[in-house]
Amino acid sequence: MLFLRVVSHSSLAAPMWTTLLLLLGTHNFMVTALRSCADTRQVYAEKGYSTGSAPVTQISGEHLRLCPQDYTCCTSQMEETLALQSERDFLKAVEDSSQFLLTTFTQRHRRFDEFFRELIDLSEKSMNQMFTKTYGRLFTQNAHVFQELFVELRRYYSGGSVSLSEVLSDFWSRLVERVFSLVNPQYHFTEDYLECVSKHAEQLQPFGDVPRKLRIQITRAFIAARALSQGLATGRDIVNKATKLTADSECVRGLMRQWYCPLCRGMTSLRPCHSLCLNVMKGCLANQADLGTEWNNFIDALYQVSEKLEGPFNMELAADSISVKVSEAIMHMQENSVSISSKVFQGCGNPRPARSKRSPKDSGGSRRPFRTYTPEEKPTTAAGTNLDRLVTELKERLRPMQGFWVSLPHTICSEERMAADVTNEDRCWNGQTRGRYLPDVTGDGLINQINNPEVEVDTSRPDVRTRQLIMELRVITNKLKHAQTGQDMDFVDSEGDDGSGSGGGDHVERYNDDWPGYGPHSPSYNKPPHNTSPMKPPRNRERNGSKWNKNGHGRAKSASSLPARSALPLLGLPFMAILAPMWR
């Protein structure tokens, strides 16, 4: 009625008409701008938050600190709450994306560790059973010599500071004394005499070439097995540390702007543009991306060591060979006991006859011939497990780990709930509204975030924890690379000049009868040069009340573990009989 009345007065019609049109236009704009926040309230409630203070219709956004200050469905408290939610979503996304790595390293480490330990246990058990059956009391009375060998092998595998070369050298030194006494029961040998025998065993080579070949098998396999087990454990720990991160304020700002600012605008179904998501993630994960190079080197080294275990450094074969080759060595010494004893008597002097000749019963029953296993008697491998299968499964899981940290932003942004599809360029949230995201995607790593348009990153201060993880990766990678050549990095510079490392010497040697897959076309054996190295320090003898050498000289390594380097060879000198005994 007012409008009609105004129109009837011609003098006032034009001004009032203009005023009413302006009022109606403003009203229509307000109706459009202040639309319902029902969808926003629903999503907010679904996340477990109270909607008591949430606006019913949009309000002015001057109070917003992170989102564009347009009309909004979010209060300051809601914006702060959603910012914290965006951080939790981000950390959960990182955890979910890395779960494959963590699960793989944890489970593979447990399975390999159990398998390797069971191989050692079965190797010792089979030796005890077979040697007891074959040698009777001769074995049981000297069983501690063999027990000490396996104790030291376990200690080495478990990470102890143990030199495999010294362990095997000590074993053969102890064994030659026992066997020499057993094959000469008619004589009484003093401890000094047996010391002379073991000290010059490298010249006598009483066990033939068996100890050297066993040493190569054992050291290569055990070094590789320990390195792989330690590598898997280190991988697990690094993934745990690298994913236990916190988002700084700039990262949280970027996360909030891409994930929940559309919600505050009432655009609940709008996802951030793919390129926007990548820039935010690359800024938040800049330090993790810097792990990329060393991580890839680490994965490569793990893969190559696992291949060695599957082939020439086979742990199953090495564990299986211990009892077999020890038996062969004992048999070799027994078969050559006459000539070996003669040489010992020339070098160490004639021993005293025993007061009363020991009977076969005193020596442990009837003298059974030393022998090797029949195929049916050979030890079995770890029950229910196969090394080839374990290695194959591991290699299949290692391949996808390459480039993980650099590709992590792409992995997260490829999730449908995290960002719009890369083909949906025009119907996504660009940080301000619906539309195409125009800035370029930044590069990878900390240094490339200097011009990141979404996350302000201080590129002048590398993360200390990331530097520590890089160093850990370098250390374990170096250990794995040494293991590929049969060397233990912890001993590579401490065992003389032959470059043998922790018993991993002769790393150029290969034997056709030792390793599967090496036939007549395998590389020829190039023996390393014979260099003189200092003798080992003396060790306590297990016999009560005596020392290894009363003159203070350490026990020399046996022929089983060292190249011949005596200045006065026992054999081949015609005047030796005149000068005998020369070794005393």
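# Disulfides and helix packing in a predicted model

A disulfide, taken here as a pair of cysteine sulfur atoms within 2.5 Å, joins cysteine 273 to cysteine 428 with an S to S distance of 1.9 Å. This is a predicted model, in which local features need pLDDT of at least 70 and side-chain atom pairs count only at pLDDT 80 or more, while totals for chains, interfaces and linings use all residues. Residues are numbered from 1 along each chain as its sequence is written, and side-chain values use heavy atoms, with hydrogens and water left out.

**Disulfides**

- The structure holds seven disulfides, among them the link of cysteine 273 and cysteine 428, which is right-handed with 90 degrees about the S-S bond. That pair links distant parts of the chain, 155 residues apart, with cysteine 273 in the loop between H12 and H13 and cysteine 428 in the loop between H19 and helix H20 (464–483).
- Both cysteine 273 and cysteine 428 are buried, where buried means under 20% relative accessible area, exposed means over 50%, and partly exposed covers what lies in between (1.4 Å probe, protein chains only).
- Cysteine 67 is joined to cysteine 261 by a disulfide with an S to S distance of 2.0 Å, and this link is left-handed, with -90 degrees about the S-S bond. The pair links distant parts of the chain, 194 residues apart, since cysteine 67 is in the loop between helix H3 (38–46) and helix H4 (76–135) and cysteine 261 is in helix H12 (residues 261–264).
- Cysteine 67 is buried at a relative accessible area of 5%, and cysteine 261 is buried at 0%.
- The sulfur atoms of cysteine 196 and cysteine 348 are 2.0 Å apart and form a disulfide; the torsion about their S-S bond is about -85 degrees, so this disulfide is left-handed. Because cysteine 196 lies in helix H8 (residues 191–199) and cysteine 348 in helix H17 (residues 337–348), the pair ties together parts that are 152 residues apart in sequence.
- Cysteine 196 is buried, with a relative accessible area of 5%, and cysteine 348 counts as buried at 3% relative accessibility.

- In H13, 11 of the 11 residues are buried, so the helix is largely enclosed by the rest of the structure. What covers these buried residues includes H4, helix H11 (249–259), helix H14 (286–289) and H19, with contact meaning heavy atoms within 4.5 Å.
- Helix H13 (residues 274–284) packs with helix H19 (residues 404–413) at an angle of about 140 degrees, their axes 9 Å apart; axes are lines fitted to C-alpha atoms, for helices over the stretch in contact, and angles run from 0 to 180 degrees between N-to-C directions.
- H13 and H19 are therefore oblique to each other, on a scale where angles under 35 degrees count as roughly parallel, over 145 as roughly antiparallel, 65 to 115 as roughly perpendicular and the rest as oblique.
- The crossing of H13 and H19 is right-handed, a term used if the near helix is turned clockwise from the far one by less than a right angle, anticlockwise being left-handed. The contact is made by His274, Cys277, Leu278, Met281 and Lys282 of H13 together with Pro409, His410, Ile412 and Cys413 of H19.
- The residues of the contact of H13 with H19 divide into six nonpolar, two polar and one charged; Ala, Val, Leu, Ile, Met, Phe, Trp, Tyr, Cys and Pro count as nonpolar, Asp, Glu, Lys and Arg as charged, and the others, Gly among them, as polar.

- Leucine 101 lies in helix H4 and is buried, with a relative accessible area of 2%.
- Not counting residues up to four places away in sequence, leucine 101 touches Val239, Trp295, Met401 and Phe404. The C-alpha atoms of leucine 101 and glycine 235 are separated by 8.3 Å, although these residues are 134 residues apart along the chain.
- H4 packs with helix H16 (residues 315–335) at an angle of about 20 degrees, with the axes 9 Å apart, which means that H4 is roughly parallel to H16.
- The crossing of H4 and H16 is right-handed, and the contact of H4 with H16 has, by class, 12 nonpolar, four polar and one charged residues.

Conventions. Helices (H or I, at least four residues) and strands (E, at least two) are DSSP runs, numbered from the N terminus.
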